[in-house]
Amino acid sequence: MVTKQFKGSPEDEADLTRADSLAREIFSDVANKWALLIIEAVGDRTLRFTELRDEVEGISHKMLTQNLRMLERNGLVERCVHPTVPPRVEYTLTEPGRALRATVAGMCDWTHRYLGHIENARRDFDN
């Protein structure tokens, strides 16, 4: 994984419209279906890897691993390894991760609220 070195001002780094901004890189990381589903699944709990995989239906071991690493790298998920045999690894949302979860919950609510409208629009568009 390559990390960009940002040399602009803090305003430039936070500007989503700039292709080279840190904000756009972070947005790209967290705005994928697996990251959003992982954030929602962890919620206020602490989950082991297998529990999390069971919570996020359809995610492969590889995709869960990649997304958890990305979320940990961005400081949204905390990984705790317990020195047991075999090792027990648990995941919890950090404070920024919990704050992002509020946004994710809003998106979930929006989806539930407008699902029928979207289905009708798709049907009309496809006909």
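Which residues does Val-56 touch, not counting residues up to four places away in sequence?

Guide: The model is predicted, so local features need pLDDT of at least 70 and side-chain atom pairs count only at pLDDT 80 or more, while totals for chains, interfaces and linings use all residues. Residues are numbered from 1 along each chain as its sequence is written, and side-chain values use heavy atoms, with hydrogens and water left out.

Beyond residues up to four places away in sequence, Val-56 touches Trp-34, Leu-37, Ile-38 and Ala-41, where contact means heavy atoms within 4.5 Å. Val-56 also belongs to the largest nonpolar core, which has 22 residues. Such a core is a set of buried Ala, Val, Leu, Ile, Met, Phe, Trp, Tyr and Cys residues joined through side-chain atoms within 4.5 Å; buried means under 20% relative accessible area, exposed over 50% and partly exposed in between, with a 1.4 Å probe and protein chains only. Together with Ile-38, Leu-52, Leu-64, Leu-68 and Leu-71, Val-56 is among the members that touch the most others.

Two or more residues of this core come from each of helix H3 (33–42), helix H4 (49–55), helix H5 (61–73) and strand S3 (88–93). Helices (H or I, at least four residues) and strands (E, at least two) are DSSP runs, numbered from the N terminus. The greatest contribution to this core is that of H3, with six residues. In soluble globular proteins, nonpolar side chains tend to be buried together.

Elsewhere, Asp-29 lies in helix H2 (residues 22–30), and its side chain makes a polar contact with that of Asn-74 at 2.9 Å. A polar contact is a pair of N or O atoms within 3.5 Å; within protein, one must be able to donate a hydrogen and the other to accept it, and residues adjacent in sequence count only if both atoms are side-chain atoms.
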